[in-house]
Amino acid sequence: MPAETLHEQLLIAVQQRAQQAGVTLPDSIAQANGNLIAIARSCGLEPSDIAECIADVTGHTYEPNLAQHVASVDFTQKIPIGFARQHRMIGLAGEDNALTVAIADTHCWPQLDVVSRYLDRPVQPIIARPDDIAAAINLAYQQQTGQADSLIESLDPQSVMDEIDALTKNDDLLDVASRAPVIKLVNLLLFEAIKQQASDIHFHPYEDRVIVRMRIDGVLFDANAVPKALQEEVISRIKVMGKMNIAERRLAQDGRATVQVGDRIIDLRIASLPTSFGERIVIRLLDKSARLYQLSELGMDGQTLEQFRQLITVEHGLVLVTGPTGSGKSTTLYAALQELDSKEKNILTLEDPIEYQLPGISQTQINERKGLTFASGLRNILRQDPDIIMVGEIRDHETAVMAIQSALTGHLVFATLHTNDSASAVTRLLDLGIEPYLAASSIVGVLAQRLVRRVCKHCALPEIPDQATLARLDIHKPTALYGSPQRGTGCKHCRNTGYRHRVGLFEMLIVDEPIRQLIQQHATASQLKSQAASTGMHTLLQSGVEKLFRGDTTAEEVLRVTMRATT
């Protein structure tokens, strides 16, 4: 069909659909050519209406639910994602020799011939909404797996040095078709880590190889082995991404980068460290598009959740969240801030790094190189008339003093500490030089937490721990507890580990009058914990046992994360 005739028929169809939908199109649409669809959308005509018009005029099928189709592996392996995005098309899997290709409009007819010749297959187009096609493209190219190992075997270290600096500011990890081999390798390793929801990637050099490890659900796994001959090229590529000095190999360095995976933006925090077998690299992955959790989703029991919600609504005081690195402290504080009304309260944060953007809240990034520390930042924040302050971490005496003074002068302060349990947080402040009477007057509560891996629901089977394990958990009458423990046997959903995702264990210490008196008397952490337990505090171990008998986790996981907290 000639292009002019097609345009005229499409114009008539769009105008008829607009009349049916009660949408008024401007007179200028009659002269529109390539902008016909854009004008129709800008006037409020739904994308599905436009897609149906195109299908009616061209005689092709309209697919309203593209998500139910599986992408063609042949298409995603041979057609670059940049081409698919530019022309808004995605091949769909099918049994026939003809390849079904979903398209958004009529402008890509010539490119369908290109795809047909390149794949050596006839092409049958169908019509779908542009947004559905964009989502299908991202999903299809994200599902390409197993490429890293095959690429490693074919790499030639002599062919990559001239292209090692060929970067863009925001590399799209899905678009690897025209990259040099080492660049492809690094992108694919990053992509695999993001797909597996890893929090960190380790490049660990050995005498004869480089082991790539990924931390998934808090546990390190060996993912790949890179040949020793490619070590310097891979490390240099990562350092260039992080704008680090590739010539400096004797000093530790830090760098940052941003990459894109489809429609997701990932921040990379890169740290290098010289070792006897070369530089070691660790990359922290921060998914800026990851959703924030609500307090009710973290795994707190009803009593702890109610107590914590009461704490975050008091007028002033210091609320501490404690636990080791990677125990979810920031996630808990973000969830707490979301529950507060930022329209009525002036909420400011000091963070290192800023992991998520919170609407209505002013967030400040710590920069110690330029003199902006937690202590100096907190001093400046007090001049901003705050109601609520979040301090990413109390690391030293000066920060502790400023947090205490802020809490005593009418502000509600959230802060984190690295301690084993809730009671140890109080003694930690005393160790930092805080006077006992100041700590007793300012602290209103301490939440200690850990993260345990969840049992994979796809392969979970009932399993009662043996008597020795129950004794270590301080369980002597398991029949008195409700529910049934479970263990994952391993499947494709959990990478054969038996675990998938994580859930929190929590211990809430409320600073009441007896606790305040003990703090002023320089009581030990064990004395504070005993007093809190006598008034009903659930310990981390007890929280873990409850989740064990609900089938959420296993005894090994509970013991792994609570052993030091119970000693």
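**Ground rules.** I worked from a predicted model, in which local features need pLDDT of at least 70 and side-chain atom pairs count only at pLDDT 80 or more, while totals for chains, interfaces and linings use all residues. Residues are numbered from 1 along each chain as its sequence is written, and side-chain values use heavy atoms, with hydrogens and water left out.

**Overall counts.** I began with the secondary structure and noted 21 helices and 19 strands in the protein; helices (H or I, at least four residues) and strands (E, at least two) are DSSP runs, numbered from the N terminus. Of its 567 residues, 50% count as buried, where buried means under 20% relative accessible area, exposed means over 50%, and partly exposed lies in between (1.4 Å probe, protein chains only). I then looked at contacts, meaning heavy atoms within 4.5 Å, and found that residues 24 or more positions apart account for 65% of those with a separation of 6 or more.

**Nonpolar cores.** For these I used sets of buried Ala, Val, Leu, Ile, Met, Phe, Trp, Tyr and Cys residues joined through side-chain atoms within 4.5 Å. The largest nonpolar core has 62 residues, and those touching the most other members are Phe 75, Ile 90, Tyr 141, Phe 203, Leu 268 and Ile 283. Helix α9 (residues 181–195) gives the largest share of this core, eight residues. I followed up Ile 283 and, leaving aside its neighbours within four places in sequence, recorded contacts with Leu 190, Ser 199, Asp 200, Ile 201, Phe 203, Ile 238, Leu 268, Arg 269 and Ile 270. A second, separate core holds 40 residues, among them Leu 378, Ile 394, Ile 404 and Val 511. As background, I note that nonpolar side chains tend to be buried together in soluble globular proteins.

I checked burial along α13 and found Phe 374, Ala 375, Ser 376, Gly 377, Leu 378 and Ile 381 buried. With six of its eight residues buried, α13 is therefore largely enclosed by the rest of the structure, and what covers these buried residues includes β12 (347–351), β14 (388–391) and α14. Helix α13 (residues 374–381) packs on helix α14 (residues 397–408) at an angle of about 25°, their axes being 8 Å apart; axes are lines fitted to C-alpha atoms, for helices over the stretch in contact, and angles run from 0 to 180 degrees between N-to-C directions. The two are therefore roughly parallel, given that angles under 35 degrees count as roughly parallel, over 145 as roughly antiparallel, 65 to 115 as roughly perpendicular and the rest as oblique. From α13, the contact uses Phe 374, Ala 375, Leu 378 and Arg 379, and from α14 it uses Glu 398, Thr 399, Met 402, Ala 403 and Ser 406.

**Helix α20 and its partner α21.** In α20 (residues 540–549), eight of the ten residues are buried, so this helix too is largely enclosed by the rest of the structure. The buried residues of α20 pack against β16 (443–455), α17 (467–472), β19 (499–510) and α21 (555–562). The axes of α20 and α21 come within 9 Å and cross at roughly 165°, and the pair is therefore roughly antiparallel. Leu 540, Leu 541, Gly 544, Val 545 and Leu 548 of α20 make the contact with Ala 555, Val 558 and Thr 562 of α21. Just after α20, I noted that Gly 551 takes a positive phi of about 80°.

**Helices α15 and α19.** On the α15 side the contact is made by Ala 423, Ser 424, Val 426 and Thr 427, and on the α19 side by Ala 525, Leu 528 and Lys 529.

**Val 70.** This residue lies in the loop between α3 (47–58) and α4 (73–78), and at 57% relative accessibility Val 70 counts as exposed. Leaving aside neighbours within four places in sequence, I found Val 70 in contact with Leu 92 and Ala 93. Val 70 and Leu 139 are 69 residues apart in sequence, and their C-alpha atoms are 9.7 Å apart in space.
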